[in-house]
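Subject: Handover of a structure and its findings

Dear colleague,

Please find below the structure that I am handing over to you. My findings follow directly after it.

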Amino acid sequence: MANLFKQKSSANVQNFANVGGYSVPTGCVATVIGMTLANMSNTGLTVDVQVNKGTGGVGNINILKDAPIPVGGSLVVVGGDQKVVLEVNQSMQVNVTSRASAPGNVDAVMSILESDQS
């Protein structure tokens, strides 16, 4: 069984974007071993992070809901003892809500261990 470490990142994430455009390819299972979000705005933000189950938004599962990230701050969503397993066509999505009238955005970095599904 082949194992492959990958790093995916996205700048200026706003509305339920897949981090790094990544979704699990056919024949694989992926373990998210780390995910960090950094507030790149001049205002405090709240974020939602979901597992997109690859079914067009139906059945998506929240990992975080309305979690605050202060100006200049970051948030470790996955890491340490916590891991998230993703199956074929699933992905991690981030949504950002600004506390000000201007839209907010975050930079996102995700570390993945991808394995052959067997």
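Leaving aside its neighbours within four places in sequence, Gln50 is in contact (heavy atoms within 4.5 Å) with Phe16, Asn60, Ile61, Asn62, Ile63, Ser91, Met92 and Gln93. Gln50 has a relative accessible area of 12%, and it therefore counts as buried, a term that means under 20% relative accessible area, with exposed meaning over 50% and partly exposed in between (1.4 Å probe, protein chains only). The C-alpha atoms of Gln50 and Leu86 are separated by 11 Å, and these residues are 36 apart along the chain.

Please note that this is a predicted model, in which local features need pLDDT of at least 70 and side-chain atom pairs count only at pLDDT 80 or more, while totals for chains, interfaces and linings use all residues. Residues are numbered from 1 along each chain as its sequence is written, and side-chain values use heavy atoms, with hydrogens and water left out.

Gln50 belongs to strand 4, which covers residues 45-52. Helices (H or I, at least four residues) and strands (E, at least two) are DSSP runs, numbered from the N terminus. Strand 4 is joined to strand 5 by 6 bridges, and the two run antiparallel; two strands pair if DSSP finds at least two bridges between them. Opposite Thr46 stands Pro68 of strand 5.

Which strands form the open sheet, and in what order? The sheet is made of 4 strands in the order 2-8-4-5, with antiparallel pairing. Strand 2 (17-18) and strand 5 (61-69) are at the edges; each has a single partner strand, so one side of each is left without a neighbour in the sheet. In general, strands of a sheet pair through backbone hydrogen bonds, either parallel or antiparallel.

As for the whole protein, it contains 9 strands and 0 helices. Of its 118 residues, 40% count as buried. Among contacts between residues at least 6 apart in sequence, 78% join residues at least 24 apart.

Along the principal axes, the C-alpha atoms fill a box of roughly 50 × 30 × 20 Å.

Yours sincerely,
A colleague
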